[in-house]
Amino acid sequence: KSAVRSVATFGDGPVEIRETRKKGGIGIGVASNELKRFGLNEKKRSRLIKAGADIIIPDFSKFQQLLRLLNI
């Protein structure tokens, strides 16, 4: 039986992801390419994975799929 997690953090920094996970929340890493304004930044992705992100997204272009994944 899995526990329901009621807190989710969206961020591109490892600190907020780590702190959210410590409190039992869902850490959603936003590994965006800030220069292009869309797409994935591989360096950010690696840092967010190491921080324990549950989900990594490049940007919010697929927000409807993300909401379904989160059961929202």
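Let's start at Ile56, a residue of strand β3, which covers residues 55–57. The model is a predicted one. Is Ile56 buried, exposed or partly exposed? With a relative accessible area of 25%, Ile56 counts as partly exposed, because the cut-off for buried is under 20%. Beyond its neighbours within four places in sequence, Ile56 is in contact with Gly29, Ala31, Leu40, Arg45, Leu48 and Ile49. Leu69 lies 13 residues from Ile56 along the chain, and the two C-alpha atoms are 12 Å apart.

**The sheet**

Strand β3 belongs to an open sheet of 3 strands, in the order β1-β2-β3 and with parallel pairing. The edge strands, each pairing on one side only, are β1 (8–11) and β3. From one strand to the next, the twist averages 20°. Between β2 and β3, which run parallel, there are 3 bridges. Here Val30 is found opposite Ile57 of β3. Helix α1 (residues 14–22) lies across β1 and β2, and its direction makes an angle of about 165° with β2.

Which residues make up the largest nonpolar core? The 7 residues are Ile26, Ile28, Val30, Ile55, Ile57, Leu66 and Leu70. Strands β2 (26–30) and β3 each supply at least two residues of this core, and β2 gives the largest share, 3 residues. Apart from this core lies another, of 5 residues, including Ile17, Ala31, Leu48 and Ala51. In soluble globular proteins, nonpolar side chains tend to be buried together.

Leu66, a member of the largest core, touches Phe10, Ile55 and Ile57, leaving out residues up to four places away in sequence.

**Helix α2**

Now for helix α2 (residues 42–51), where Lys44, Leu48 and Ala51 are buried. These three lie on the same side of α2, because they cover an arc of only 55° around the axis. Lys43 and Lys50, on the other side of α2, are exposed. Among the elements that cover the buried residues of α2 are β1, α1, β2 and β3.

What happens at the start of α2? There, a side-chain oxygen of Asn41 comes within 2.9 Å of the backbone nitrogen of Lys43. After α2 comes Gly52, with a positive phi near 100°.

| Item | Angle |
|---|---|
| α1 to β2 | about 165° |
| Arc of Lys44, Leu48 and Ala51 around the α2 axis | 55° |
| Phi of Gly52 | near 100° |

Key: Residues are numbered from 1 along each chain as its sequence is written. This is a predicted model: local features need pLDDT of at least 70, side-chain atom pairs count only at pLDDT 80 or more; totals for chains, interfaces and linings use all residues. Side-chain values use heavy atoms; hydrogens and water are left out. Helices (H or I, at least four residues) and strands (E, at least two) are DSSP runs, numbered from the N terminus. Buried means under 20% relative accessible area, exposed over 50%, partly exposed in between (1.4 Å probe, protein chains only). Contact means heavy atoms within 4.5 Å. A nonpolar core is a set of buried Ala, Val, Leu, Ile, Met, Phe, Trp, Tyr and Cys residues joined through side-chain atoms within 4.5 Å. Two strands pair if DSSP finds at least two bridges between them. Axes are lines fitted to C-alpha atoms, for helices over the stretch in contact, and angles run from 0 to 180 degrees between N-to-C directions. The arc is that of the directions from the helix axis to the C-beta atoms. A polar contact is a pair of N or O atoms within 3.5 Å; within protein, one must be able to donate a hydrogen and the other to accept it, and residues adjacent in sequence count only if both atoms are side-chain atoms.
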